Amino acid sequence: MLGGYMGKILRVNLSTKEVKVEPINEELARKFIGARGYAAKIIFDEVPRNADPLGPENKLIFATGPLTLTTAPTGGRYDVVTKSPLNNVIAASNSGGFFGPELKKAGFDMLIVEGKSDKPVYLWINDGKVEIRDASHLWGKDTYETTDMLLEEVSDKTAKVACIGPAGEKLSMQACVINDKARAAGRTGVGAVMGSKMLKAVVAKGTGRAPIADNEAFKEALRVAMDKIKTNGVTSQGLPTYGTMVLNHIIDEHGLYPTNNFQKGTFEYVDEVSGEKLKETYLIRNKACFACPIGCGRVVKIPEIEEEVEGPEYETSWAFSADCGVSDLKAVITANHLCNKLGLDTIATGATIAALMELYEKGYVPKDHIGELPEPKFGNAEAIVEYTKAIGLRKGIGDKLAKGSYDFATEYGHPELSMSVRKQELPAYDPRGAQGHALEYATSNRGGCHVRGYMISPEILGLPEKLDPFATEGKAQWVKIFQDLTAVIDSEGLCLFTSFALGLPEYTALLKAATGFDYTEDEVIKAGERIWNLERLWNIDVGVGPEEDKLPERFLKEPLPEGAAKGQVVKLHITLPDYYRVRGWSEKGIPTEEKLKELALK
């Protein structure tokens with residue numbers, strides 16, 4: 001018996017109101033694992049390349065992995081996969097919390113949403129039974145209100161909700177899908193696709209359990225994995241103690257903490273917005289996702305917000321603080337909370353505001369375009385709060401900002417001031433300070449991203465070994481390995497943070513024992529490479545090909561002005577050709593016939 005999977009895919013067409021249940025394809029499950037990989041294959045096969053991402057031909061997939069719902073460490077992840085309205089790539093947005101396991105408990109490995117409803121609806125999935133229900137009364141509500149109202153409606157407080165806020169309804173490119181009120185499937189505008197389908201929420205409840213093919217082997221694989229996580233300094237001490245904001249000081253000390261829209265790599269007020277500062281001021285307790293032994297989530301309380309709220313994460317604290325030059329931690333917490341309620345991606349929102357600030361300070365955005373909003377100048381704490389509201393509600397200049405920083409900066413004649421790749425805003429690491437991470441940014445299939453191949457781990461943190469961040473030699477091979485392994489982790493249904501302690505042997509052992517597939521380590525990492533190449537093929541098909549393997553000119557021509565990485569620029573002209581060679585692609589960055597045959601993608 002195949003383990004790991006519930007064995008069923010739920011397909012709901014919102015145009016016709018047809019509901020179908022299909023079996024998992026075991027061949028595809030083995031080749032693409034699950035979650036990100038399997039769902040990407042469905043998008044690749046079923047969505048027309050020229051489909052309008054916000055039209056009925058696009059599909060929105062909620063996908064779990066074979067280790068989701070198991071006791072594998074951090075086995076609570078799921079992906080939202082679709083054609084991105086931001087940049088047309090296959091968007092796979094990963095989230096934690098408890099919704100993914102609940103969807104699987106309800107009986108389904110995946111939910112495929114097709115078509116478009118003529119009115120707001122939500123899906124109620126209850127132990128294999130599915131209802132399409134009216135959501136007109138929920139349209140316009142924030143994610144907190146929506147979640148509370150839906151749990152009341154289904155008369156079960158233990159059900160789990162994934163929903164959009166006003167940002168998704170208004171088709172903002174920063175819109176994400178929020179589950180458990182504070183966990184986000186973010187980046188690439190997946191929330192806008194959900195809004196375009198008039199799908200306000202998915203509510204799941206179930207009593208199912210994930211089947212394990214070989215219980216004894218799984219217990220042993222689990223023991224090994226847990227021992228490594230408990231003895232690793234990052235997963236056993238750093239993340240539990242300070243959350244992801246343990247990185248603020250570390251990245252600043254290495255000189256790649258982007259400040260004032262990446263104009264420099266150190267922030268003089270980093271002490272005021274660090275994980276240490278949060279712990280001594282507003283932290284109430286830690287919070288863990290499903291089956292997570294790390295517990296990096298932060299529950300905080302500030303006087304300005306009545307209830308206890310979650311966050312901020314490292315990326316969020318950076319986007320609203322250093323990137324915008326703001327040192328007010330309470331304002332950062334407030335902006336983060338607004339993003340959760342409005343359904344906004346925090347990286348994209350903060351970075352878009354930072355781009356606005358540089359454009360405004362350089363005189364490219366006229367003052368009369370700002371209206372009654374505060375002046376968007378670096379250091380203005382009020383601005384990060386008010387512009388977050390404006391973007392989420394698409395009010396005033398927020399309507400333009402909701403298109404994303406690249407389109408906004410282009411409209412004002414200076415696209416070079418959008419710190420983005422493939423239109424997606426870059427996260428909290430200046431690429432000039434880490435050559436491998438710079439290469440990962442330039443080649444990431446979904447656009448500027450740190451969680452598709454986290455080269456900060458070896459280049460800065462020294463895991464699994466310490467690399468010279470300024471060196472170029474060998475970095476292409478490292479980036480390939482990290483990208484392929486991350487595709488495996490995402491597809492299994494585990495959290496990327498486990499990779500600080502675990503490697504391919506542990507991921508293979510857990511997957512093999514859970515599913516019953518007689519995987520070898522080579523086969524598992526080959527599955528990750530297959531997923532990466534499939535996404536690359538899609539990008540080439542839709543016109544987001546090798547010509548987009550680039551970075552903003554700032555990183556190539558303007559050396560970092562200060563800090564530990566002072567004087568550094570990105571040497572993409574060295575690393576990119578090497579990357580194409582290591583990948584087995586042509587000199588122009590196209591997967592070769594031989595590579596496609598090797599990966600069974602021919």
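Helix α8 spans residues 233-242, and its buried residues are Thr235, Gly238, Leu239 and Pro240. The model is predicted. Cover for these buried residues comes from elements including α7 (215-231), β13 (283-287) and β14 (297-300). The N-terminal end of α8 is capped by Asn232. A side-chain oxygen of Asn232 lies 2.9 Å from the backbone nitrogen of Val234. Just after α8 comes Gly243, with a positive phi of about 70°.

Next, the nonpolar cores. In soluble globular proteins, nonpolar side chains tend to be buried together. Here the largest nonpolar core holds 106 residues. Tyr38, Ile61, Ile251, Tyr257, Tyr429, Leu551 and Tyr579 touch the most other members. Helix α19 (residues 475-492) gives this core its largest share, eight residues. Another core, of 45 residues, lies apart from it; Met245, Ala354, Tyr360 and Ala383 are among its members.

What surrounds Tyr429, leaving aside neighbours within four places in sequence? Tyr429 is in contact with Leu247, Ile251, Leu256, Pro258 and Phe262, among others. The list also includes Tyr314, Glu315, His437, Tyr441, His450, Tyr454 and Ile456.

Now a lysine. Lys59 sits in the loop between α2 (35-46) and β3 (60-64). Is Lys59 buried or exposed? Its relative accessibility is 12%, so Lys59 counts as buried, the cut-off being under 20%. The side chain of Lys59 makes a polar contact with the side chain of Glu114, at 3.0 Å. Residues up to four places away in sequence aside, Lys59 touches Arg11, Ile43, Glu46, Val47, Val81, Thr82, Lys83, Ile112, Val113, Glu114 and Lys197.

How many cavities of 30 Å³ or more does a search of the whole structure find? The search finds one. About 40 Å³ of space lies in the largest cavity. Its lining consists of Leu86, Met173, Gln174, Arg187, Thr188, Ala348, Gly404, Gln424 and Glu425. By type, the lining residues divide into three nonpolar, four polar and two charged.

Methods:
Residues are numbered from 1 along each chain as its sequence is written. This is a predicted model: local features need pLDDT of at least 70, side-chain atom pairs count only at pLDDT 80 or more; totals for chains, interfaces and linings use all residues. Side-chain values use heavy atoms; hydrogens and water are left out. On a 1 Å grid over the protein atoms alone, a cavity is a set of points where a 1.4 Å probe fits but cannot get out, and a pocket is an open set with protein on both sides within 12 Å along at least five of seven lines; lining residues have an atom within 4 Å of a point. Grid points are joined across faces, edges and corners, and a volume is the space filled by probe spheres set on the points. Ala, Val, Leu, Ile, Met, Phe, Trp, Tyr, Cys and Pro count as nonpolar, Asp, Glu, Lys and Arg as charged, and the others, Gly among them, as polar. A nonpolar core is a set of buried Ala, Val, Leu, Ile, Met, Phe, Trp, Tyr and Cys residues joined through side-chain atoms within 4.5 Å. Buried means under 20% relative accessible area, exposed over 50%, partly exposed in between (1.4 Å probe, protein chains only). Helices (H or I, at least four residues) and strands (E, at least two) are DSSP runs, numbered from the N terminus. Contact means heavy atoms within 4.5 Å. A polar contact is a pair of N or O atoms within 3.5 Å; within protein, one must be able to donate a hydrogen and the other to accept it, and residues adjacent in sequence count only if both atoms are side-chain atoms.
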